[in-house]
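Hello,

Here is the structure I said I would pass on. My notes on it follow below.

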Amino acid sequence: IPGTKLPQVAKNFGIPENTLREWTKVSVVQSIEVARTKRGGTLKANMFDPLHRLTESLMVFFDRNERQPQHLKQPVTTKLVVAKGIEARNNLLELNEIQPFLDLKEKKTLQAFTGSDSWAKKFAKR
């Protein structure tokens, strides 16, 4: 909407202001347009994240942690995110051994998951 301030647009659409700011950078906009028009195809979003169950487990933990009284909250660090990610991965794989529910892609992705610092930083931005 022309003339509307960035903070207002972010608030109206429920988008973090820094994300919206990144989207408005010329290079990002150009990259999206190139991807949309390349070879006549359309830009597709990754609709299936093989780590979605792990992400959901972590979000439950961090949501509970956030609601704890201040003196019981665990400080969120990349080491904590990695440790909880590996714990969630192990739990999901154990549950899958008892009663299979993961598809092959999810299982392979979870088995390969190492919980790197870069993954933890990306997760923390969500």
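Are F61 and F62 buried or exposed? F61 is buried and F62 is too, where buried means under 20% relative accessible area, exposed over 50%, and partly exposed in between (1.4 Å probe, protein chains only).

Some background first. This is a predicted model, in which local features need pLDDT of at least 70 and side-chain atom pairs count only at pLDDT 80 or more, while totals for chains, interfaces and linings use all residues. Residues are numbered from 1 along each chain as its sequence is written, and side-chain values use heavy atoms, with hydrogens and water left out.

Searching the whole structure gives four aromatic pairs. Rings of Phe, Tyr and Trp (its six-membered ring) pair if their centres lie within 6.5 Å; planes under 30 degrees apart count as stacked, over 60 as edge-to-face and the rest as tilted. One of the pairs, F61 with F62, is edge-to-face, at 4.9 Å centre to centre and 75° between the planes. Another, F62 with F123, is tilted, with 6.0 Å between centres and 45° between the planes. This second pair links distant parts of the chain, as F62 is in helix α4 (residues 52-67) and F123 is in helix α7 (residues 117-124), 61 residues apart. Helices (H or I, at least four residues) and strands (E, at least two) are DSSP runs, numbered from the N terminus. Ring pairs join F61, F62, F113, W119 and F123 into a cluster.

In α7, the residues W119, A120 and F123 are buried. On the other side of α7, K121 and K122 are exposed.

Regards
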